[in-house]
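Please look over the sequence and the structure first, and then read the points below.

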Amino acid sequence: MKSEVYSWRVSTDLKTELERKAQRRKISVSVALDLAVRDWLDRDGSEIESDEEQLRLQEAASKCFGALVSGNRRRSENASQAVRQRLRRRYGR
């Protein structure tokens, strides 16, 4: 018996297609979503088979990463204090 609720927003097109395909297969939208999620969970990344593909994905993702360089080696230890000071200067708090 299902006892948990999960909700999210989808585009009108996606919802319409989901309802249409569920109706065509003569299943409820809930069952269609269960099947889709179960399939996604079962795959567990197994579609990425090669090391080359992993490297390609890591390289693409690394373009989104960055580093902050301040020259202050203790910056992370004082981060909350620095943020508070900037907020005070900016907003007079």
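**Salt bridges, pockets and surface**

K21 and E17 are joined by a salt bridge, in which the closest N and O atoms are 3.5 Å apart. The model in which this pair is found is a predicted one. Along the sequence the chain follows the pattern α-α-α-α, with four helices and zero strands.

**Salt bridges**

- The count of salt bridges in the chain comes to four.
- K21 and E17 lie four residues apart in helix α1, so about one helical turn separates them.
- K21 is partly exposed because its relative accessibility is 41%, and E17 is likewise partly exposed, at 36%.
- Another salt bridge brings together the side chains of E19 and K15, at 3.9 Å from N to O.
- E19 and K15 are also four residues apart in helix α1, and therefore about one helical turn lies between them.
- E19 has a relative accessibility of 37% and counts as partly exposed; K15, at 45%, counts as partly exposed too.
- K2 forms a salt bridge with D34, and their closest N and O atoms are 2.4 Å apart.
- Because K2 lies in the segment before α1 and D34 in helix α2, this pair ties together parts that are 32 residues apart in sequence.
- K2 counts as exposed, with 54% relative accessibility, whereas D34 is partly exposed, with a relative accessible area of 40%.

- The largest pocket holds about 420 Å³ of space.
- Its lining consists of 16 residues, of which L14, L18, V29, A32 and L33 are the closest to the centre.
- Helices α1 (12–24) and α2 (29–43) each supply at least two residues of this lining, and the largest share, seven residues, comes from α1.
- By type, the lining of the largest pocket divides into eleven nonpolar, no polar and five charged residues.
- The second largest pocket contains about 330 Å³ of space.
- Among the residues that line the second largest pocket are K2 and D34, together with Y6, W8 and L33.
- Six nonpolar, one polar and four charged residues make up the lining of the second largest pocket.

**Surface**

- Of the 93 residues in the chain, 2% are buried.
- The chain exposes about 9500 Å², and carbon and sulfur atoms supply 51% of this area.
- Y6, W8, V10 and L14 make a nonpolar surface patch of about 480 Å².
- W8 is located in the segment before α1, and its relative accessibility of 48% places W8 among the partly exposed residues.

How values were computed:
Residues are numbered from 1 along each chain as its sequence is written. This is a predicted model: local features need pLDDT of at least 70, side-chain atom pairs count only at pLDDT 80 or more; totals for chains, interfaces and linings use all residues. Side-chain values use heavy atoms; hydrogens and water are left out. On a 1 Å grid over the protein atoms alone, a cavity is a set of points where a 1.4 Å probe fits but cannot get out, and a pocket is an open set with protein on both sides within 12 Å along at least five of seven lines; lining residues have an atom within 4 Å of a point. Grid points are joined across faces, edges and corners, and a volume is the space filled by probe spheres set on the points. Ala, Val, Leu, Ile, Met, Phe, Trp, Tyr, Cys and Pro count as nonpolar, Asp, Glu, Lys and Arg as charged, and the others, Gly among them, as polar. Buried means under 20% relative accessible area, exposed over 50%, partly exposed in between (1.4 Å probe, protein chains only). Accessible areas come from the Shrake-Rupley method with a 1.4 Å probe; for residues, only the protein chains shown count as cover. Patches are made of residues with over 30% relative accessible area and no salt bridge: like charges are joined within 9 Å, nonpolar side chains (Val, Leu, Ile, Met, Phe, Trp, Tyr) within 5 Å.
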